[in-house]
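Good morning, and thank you for coming. Please look at the display first.

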Amino acid sequence: MIRFENVGLRYGMGPEVLRDISFQIAPRSFQFLTGPSGAGKTSLLRLLFLSIRPSRGLISIFGKDSVQVGNDELPEIRRRIGIVFQDFRLLDHMTTYENVALPLRVQGMDETRYRSDVVELLDWVGLGERMHVLPPILSGGEKQRAAIARALISRPDILLADEPTGNVDPPLARRLLRLFIELNKLGTTVVIATHDLALIDQFDTRRFVLKDGRLQIYD
Amino acid sequence: MTDQEQYPRYRAEHSAKDTARTGLRVAFAPIRYAARWLAGHRDMRQTPIVPPQSVAGTALVAVIAIMSFLACLTLAAVTMVFEQAQLWESDVSSELTVQIRPSDGVDIEFEIERAIRITQREPGIGRVRAMEEADGAALLEPWLGAGLDLSELPVPRLIIVDIDNPAMLDVGRLRANLSDSITGVSVDDHGIWIDQLKRIANVTIATGIGIFLLVLAATCLSVVFATRGAMAGNQVVISVLHFVGALNRYIAGEFQGRFLFIGLKGGLIGCIAAATFFVVGGGLLGFLEGPSGGSPFQALFGGFSLTPLVFIGFVFVLILVSALTAVTTRMTVERYLATVQ
């Protein structure tokens, strides 16, 4: 599904923040991406999402070389990737329902076609009662779940989550992780970036550890 | 004044403001829906993706309204000059003047009769009449004074010729026929005056079109700055739209819909203001009219009123300004989005 080969990344003329990164992500797999703050987790997620391009090396996403992906092809690839940001990035002027429905709306789908799916997903993440509320009214955990629901609504092949438990208390963090595991069981590939090692230790799964710009993989 | 006393007053003022704002929102709702429909949004219940508050809407509406007002005035002035020049030209070219200068030993009355007969033989000629001596004296009265006996002066006599069909008339041949038979005759078809009039009218129209284009260019530049400001204020919206897989043309369409509404609103306000200006201005000019009838402005430019042609021009300005606003926004956004991933 995703393949990195000797990928390096530097911002401008600065030092390399990622060096010789090589790995493969298989379909239906589940992995944590961890490392200390500033190790390059978010940069690696941005590379996975084609938000930035590598300084060197090869990135292949869904069988396509990232170098050959033009700006006009990016939306099609991004529709196959769901992403959850650390800062949620919900649009404050739209209700929870509208935020979650956004990926389908931008595809030009009629609301009557996706309304029941969105409502069902909001119920599943426990936001059924909050669907007509604006994000500033939601709690941190509710925002996080809304962001997850938005990433999932278009049934992506892979879900990338950047510190999804960073803004919530430990019990809610565990609940969110169980949600990701359930998603994975349903067939979605999951990559979770977090620096919360205590949380990772509760689950026996593949780990990518970033340190000083280099990646170590623990299967 | 205590807080308790201030509070009801504050609340009353704000509720009055809110009511006024709600009234304006309702008044402009059809334009808002039309703009969103034109931008491709068929479902009006959905919240716009670009928040209305994030666009410097009020300021841009004011700028577009002022620009539309100026564009309407310029277009109306050009139309008025064009219409009046046509009127003058048709008035002047429907008539020519034959002038006979008196000469020693020539019976001028006999020469006038001959000139009338020769002129009437030409095709395309209508009524031909000699100007009476008394009429000539009346024309010269402002310069030479009243009670003048023209028979003592070598004043030329004039024959006024109405042209029925200018296409059939050959002024050169008429001039040659008259010169062959009559001494001291000249034919004035007002050609020089018409040429000068056409030149003045053309320069005025070209200047007006130039000003009109400058106003439109200034409008486009204002829209470009406002669009860039809106994009800067909506970085999060743009990035989220990118991450959820929105096409660039979809994002551009969202901004275009917002700015089309602003363009329509500003254009409508400017055009209505210009129409009001014409109606009120026409009324004021009528009020200022002297006892002799007609003001100098009317003599030069004709009626200052909302003619059908001027009204069509205003509608044209409204459509043009709105379309320019939408197209400029789309181009600005698409150019920006092409540079980001």
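In chain A, 6 strands make up an open sheet of mixed pairing, in the order β6-β7-β8-β3-β9-β10. This is a predicted model, in which local features need pLDDT of at least 70 and side-chain atom pairs count only at pLDDT 80 or more, while totals for chains, interfaces and linings use all residues. Residues are numbered from 1 along each chain as its sequence is written, and chains are lettered from A, with ligands numbered from 1, in the order in which they are written.

A word on terms. Helices (H or I, at least four residues) and strands (E, at least two) are DSSP runs, numbered from the N terminus. Two strands pair if DSSP finds at least two bridges between them.

Are the faces of β6(A) covered or uncovered? Both are covered: A:Ile81 and A:Ile83 on one side, and A:Gly82 and A:Val84 on the other, are all buried. Buried requires 20 or more other C-beta atoms within 10 Å of the residue's own, exposed means 12 or fewer, and partly exposed lies in between, with C-beta atoms placed from the backbone. Helix α5 (residues 140-152) of chain A lies across β6 and β7 (158-162) of chain A and runs at about 170° to β6(A).

Elsewhere in the sheet, strand β3 (residues 30-34) of chain A runs parallel to strand β8 (residues 189-193) of chain A, joined by 4 bridges. There, A:Gln31 stands opposite A:Val191 in β8(A). As a whole, chain A has 7 helices and 10 strands, and 40% of its 219 residues are buried.

Most residues other than glycine have a negative phi. A:Asn6, in strand β1 (residues 2-10) of chain A, is not a glycine, yet has a positive phi of about 50°. A:Asn6 counts as exposed because it has 12 C-beta neighbours inside 10 Å. A:Arg89, also not a glycine, has a positive phi of about 55° and is found in the loop between β6 and α3 (96-105) of chain A.

I turn now to the cores. A nonpolar core is a set of buried Ala, Val, Leu, Ile, Met, Phe, Trp, Tyr and Cys residues joined through C-beta atoms within 7 Å. The largest has 107 residues, and those with the most contacts inside it are A:Ala149, A:Leu160, B:Ala71, B:Cys72 and B:Leu241. Helix α3 (residues 57-93) of chain B gives the most to this core, with 17 residues.

Finally, how do α3(B) and helix α7 (residues 191-233) of chain B pack? Their axes are 9 Å apart, at an angle of about 170°. The two helices are therefore roughly antiparallel, a description used for angles over 145 degrees.

Technical notes:
Two residues are in contact if their C-beta atoms, placed from the backbone, lie within 7 Å. Axes are lines fitted to C-alpha atoms, for helices over the stretch in contact, and angles run from 0 to 180 degrees between N-to-C directions. Angles under 35 degrees count as roughly parallel, over 145 as roughly antiparallel, 65 to 115 as roughly perpendicular and the rest as oblique.
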